Amino acid sequence: FLVLVALCEPRLRDPSDSALPGAGDIAERLGPLESCRGLTRSAVNYHIDYLAFAKLRLDLGDEPGADGNGRTGAKRARLASLALRFGLVREEHLALLPSRRRPVPQGSGA
C-alpha cells in the first residue's frame, strides 16, 4: 500500500501534476521508514506489478509499455489513475509517508 501511496503522492498534492515517480524514486521516498529500509527498485516494480495485475487486474492491452518493461510509464499511470478515481488512495494516506523535511544538522556544541 505504501508503494501505491508514494506513486499517487504527486497527484494528491497537485492534481494538475502529471509526472509520476519512477521505481527508484519511490524506493528512495519510502527508504526512511523502518519497514521499507532496504527497499529496492526491483522490489518496487514487483509491488507495482502485483497491484496492477494480481489485485486490480489492469488490462493494458496494446498500450505502449504494456510489455512489462514500463518504460513509458503506462502501467504506473493507469494504476495511479485507478487508485485515485476509486478513492483507494486519499489525501489522508499521505500521513503514512515519511516527512519531506530535511533534518537540520546539529552543531558540535562548541
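**Salt bridges, core and helices in a predicted model**

Glu92 and Arg90 pair up through their side chains in a salt bridge, with N and O 2.7 Å apart; the term covers a side-chain nitrogen of Lys or Arg within 4 Å of a carboxyl oxygen of Asp or Glu. Arg90 is partly exposed, at 39% relative accessibility. On this scale, buried means under 20% relative accessible area, exposed means over 50%, and partly exposed is what lies in between (1.4 Å probe, protein chains only).

The structure is a predicted model, so local features need pLDDT of at least 70 and side-chain atom pairs count only at pLDDT 80 or more, while totals for chains, interfaces and linings use all residues. Numbering starts from 1 along each chain as its sequence is written, and side-chain values use heavy atoms, with hydrogens and water left out.

As for the overall layout, the protein has four helices and zero strands, and its elements run α-α-α-α from the N terminus on. Helices (H or I, at least four residues) and strands (E, at least two) are DSSP runs, numbered from the N terminus. Of the 110 residues, 37% count as buried. The exposed surface comes to about 7300 Å², and carbon and sulfur atoms supply 50% of that area; areas were computed by the Shrake-Rupley method with a 1.4 Å probe, and for residues only the protein chains shown count as cover. Among contacts (heavy atoms within 4.5 Å) with a separation of 6 or more, 57% come from residues 24 or more positions apart.

Back to the charged pairs: a search of the whole structure turns up five salt bridges. One of them joins Glu9 to Arg13, where the closest N and O atoms sit 2.9 Å apart. These two residues are four apart in helix α1 (residues 2–13), which means that about one helical turn separates them. Through shared partners, salt bridges connect Glu9, Arg13 and Arg29 into one network. Setting aside neighbours within four places in sequence, Glu9 is in contact with Arg29, Leu94, Leu97 and Arg100.

Turning to the nonpolar side, the largest nonpolar core holds 26 residues, and Leu4, Ile26 and Leu30 touch the most other members. Such a core is a set of buried Ala, Val, Leu, Ile, Met, Phe, Trp, Tyr and Cys residues joined through side-chain atoms within 4.5 Å. Two or more residues each come from α1, α2, α3 (41–55) and α4 (74–85), with α1 giving the largest share, seven residues. Beyond its neighbours within four places in sequence, Leu4 is in contact with Leu51, Leu79, Ala83 and Val89.

Helix α4 has 12 residues and spans 16 Å from its first C-alpha to its last, close to the 16 Å expected at 1.5 Å a residue; the expected span is 1.5 Å times one less than the number of residues. Its buried residues are Ala74, Lys75, Arg76, Leu79, Ala80, Leu82 and Ala83, and what covers them includes α1 and α3. After α4 comes Gly87, with a positive phi near 70°.
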